Amino acid sequence: MKLEKNKFPNILNDQFLSIPELLKVEDKFSIFAGPCAVESYEQIEITAKKLIQHNVKILRAGAYKPRTSPYDFQGLGKEGLRILDAIRKKYNLLVTSEIVDIRYMNLHMDHTDIIQIGARNMQNFSLLKELGGIDKPVILKRGFASTLEEFLFAAEYIVNSGNKNIILCERGIRTFENSTRNTLDISSVAFIKEYTEIPIIVDVSHSLGRKDIVNRVSKAIKAIGADGLMIEVHPDPSAALSDKRQQLNFLEFSNLIQEL
Ligand code: PEP
Ligand code: MN
């Protein structure tokens, strides 16, 4: 890929805030943790308490879930965002949740701190432009069939439309390898760090789709210089309504945080 400055006038030439500056958090390597989906108030509350025990400040959970099958759990929607809003206020946490449609922008603006664009919407250009018009931080996830150039163009759309509060998120790409859910392209982190100032985190859960190698891979993510890690954690993964196999239980989560 040729990173020509005139193709990316904003993201290559601009300065960007680091995650600690953007989110007003202390940690240099930020953890974004929480269940795949909001399932109930109790589930989010007990998870929030676990995060706080480990000094983790950013809670992730989907309210609107983009599911491959229309027959799978689609998320609690508005009710899910209300739960996240209540929990962030009660426990002084930052919450992030994926937006799947422009129509929900006001809801996300009112109920969450950081807006996530999922892999499936990385090239939803009207959504990207809309996010340029707000000032909340945006997590832009890499599409699972997107090149780095396409990823950066998507970021360019948001910045070009006026929002520089952006965090990139590598989450694995689809390859012939099937021992992991996706193939983690860890070189993307090195690349982004080498050529841009935009912070980048890695979603280890959706990259791997399994738990047995999460700790090793998470250490590699930290070692290569990523700005943070996204990890799915659920009070009872076997009963989760989505992504059962990849969500850590609380003990596994505690071990991971300690190892890191
Ligand atoms: C998620 O983070 O909840 C998610 C659905 O991830 P992705 O968009 O990377 O598949
Ligand atoms: Mn998930």
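1. Lys 164 forms a salt bridge with Asp 14, with 3.9 Å between the closest N and O atoms, where a salt bridge means a side-chain nitrogen of Lys or Arg within 4 Å of a carboxyl oxygen of Asp or Glu. Because Lys 164 sits in the loop between α7 (148-160) and β6 (166-170) and Asp 14 in the loop between α1 (9-13) and α2 (19-23), the pair ties together parts that are 150 residues apart in sequence. Helices (H or I, at least four residues) and strands (E, at least two) are DSSP runs, numbered from the N terminus. Both partners count as partly exposed, Lys 164 at 35% relative accessibility and Asp 14 at 22%; buried means under 20% relative accessible area, exposed over 50%, and partly exposed in between (1.4 Å probe, protein chains only).

2. On provenance, this is a predicted model, in which local features need pLDDT of at least 70 and side-chain atom pairs count only at pLDDT 80 or more, whereas totals for chains, interfaces and linings use all residues. Residues are numbered from 1 along each chain as its sequence is written, chains are lettered from A and ligands numbered from 1 in the order in which they are written, and side-chain values use heavy atoms, with hydrogens and water left out.

3. The salt-bridge count comes to 18. One of these contacts joins Lys 90 to Glu 45, with 2.8 Å between the closest N and O atoms, and it links helix α4 (residues 78-91), which holds Lys 90, to helix α3, which holds Glu 45, across 45 residues. Lys 90 is exposed at 51% relative accessibility, whereas Glu 45 is buried at 15%.

4. Asp 243 is in the loop between β8 (228-232) and α11 (250-259) and Arg 181 in the loop between β6 and α8 (187-195), so parts 62 residues apart in sequence are tied together. Asp 243 counts as buried at 17% relative accessibility, while Arg 181 is partly exposed at 39%.

5. Eight strands form a closed barrel in the order β1-β2-β3-β4-β5-β6-β7-β8, with parallel pairing, two strands being paired if DSSP finds at least two bridges between them. Strand β7 (residues 200-203) pairs with β8 in the parallel sense over three bridges, and Asp 203 has Met 230 in β8 as its bridge partner.

6. The axes of helix α10 (residues 214-223) and α11 come within 10 Å and cross at roughly 35°, axes being lines fitted to C-alpha atoms, for helices over the stretch in contact, with angles from 0 to 180 degrees between N-to-C directions. Val 214, Asn 215, Ser 218 and Lys 219 in α10 meet Asn 255, Leu 256 and Glu 259 in α11, contact meaning heavy atoms within 4.5 Å.
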